[in-house]
Amino acid sequence: MSLGQIFLTALLYTLIGMGTVFCVLIFISICIWLLGKAFAPKKPEVQAAAAAAVPEEPEGIRPEVVAAIMAAIHQQLKDEEGVPEEGYIVRNVRRATWRHTS
């Protein structure tokens, strides 16, 4: 067997191996895409039901809640050693925008 035949055989095996891997990867990606389409939630019905079930929340957070958060932060930092009492500033307290869907 000559050197040219060895290189040709190696090239053929490489192409067959890489072709097989790419075909399997394409097949797996198509299966995942089909599963995503099959089990995707129906958007108009879900959004309409979620909008009807969730009551409107007022904008912002009440000052009493902000004061309670500040008191808890102050107490936590006061209990720790080496942290100055005036060494922190809470600049922004806002309500989280995410919702549980369970």
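Along the sequence, the chain reads α-α-α. The model is predicted, so local features need pLDDT of at least 70 and side-chain atom pairs count only at pLDDT 80 or more, while totals for chains, interfaces and linings use all residues. Residues are numbered from 1 along each chain as its sequence is written, and side-chain values use heavy atoms, with hydrogens and water left out.

Confidence is given as pLDDT, the predictor's confidence in each residue from 0 to 100. The chain has an average pLDDT of 79, and 66% of the residues reach at least 70. Among its elements, α1 has the highest mean pLDDT (96) and helix α2 (residues 43-53) the lowest (64). Where pLDDT is low, the predicted coordinates should not be read in detail.

The accessible surface of the chain (Shrake-Rupley method, 1.4 Å probe) is about 9,600 Å², and carbon and sulfur atoms account for 66% of that area. Of the 102 residues, 0% count as buried; buried means under 20% relative accessible area, exposed over 50%, and partly exposed in between.

| Residue | Relative accessible area | Class |
|---|---|---|
| Cys23 | 54% | exposed |
| Cys31 | 30% | partly exposed |
| Phe27 | 55% | exposed |

Phe27 lies in helix α1 (residues 3-38). Phe27 also belongs to a nonpolar surface patch of about 790 Å², together with Met18, Val21, Phe22, Val24, Leu25, Ile28 and Ile32. Patch residues have over 30% relative accessible area and no salt bridge, with nonpolar side chains (Val, Leu, Ile, Met, Phe, Trp, Tyr) joined within 5 Å and like charges within 9 Å. A salt bridge is a side-chain nitrogen of Lys or Arg within 4 Å of a carboxyl oxygen of Asp or Glu.

The whole structure contains zero disulfides, a disulfide being a pair of cysteine sulfur atoms within 2.5 Å.

Conventions. Buried means under 20% relative accessible area, exposed over 50%, partly exposed in between (1.4 Å probe, protein chains only). Helices (H or I, at least four residues) and strands (E, at least two) are DSSP runs, numbered from the N terminus.
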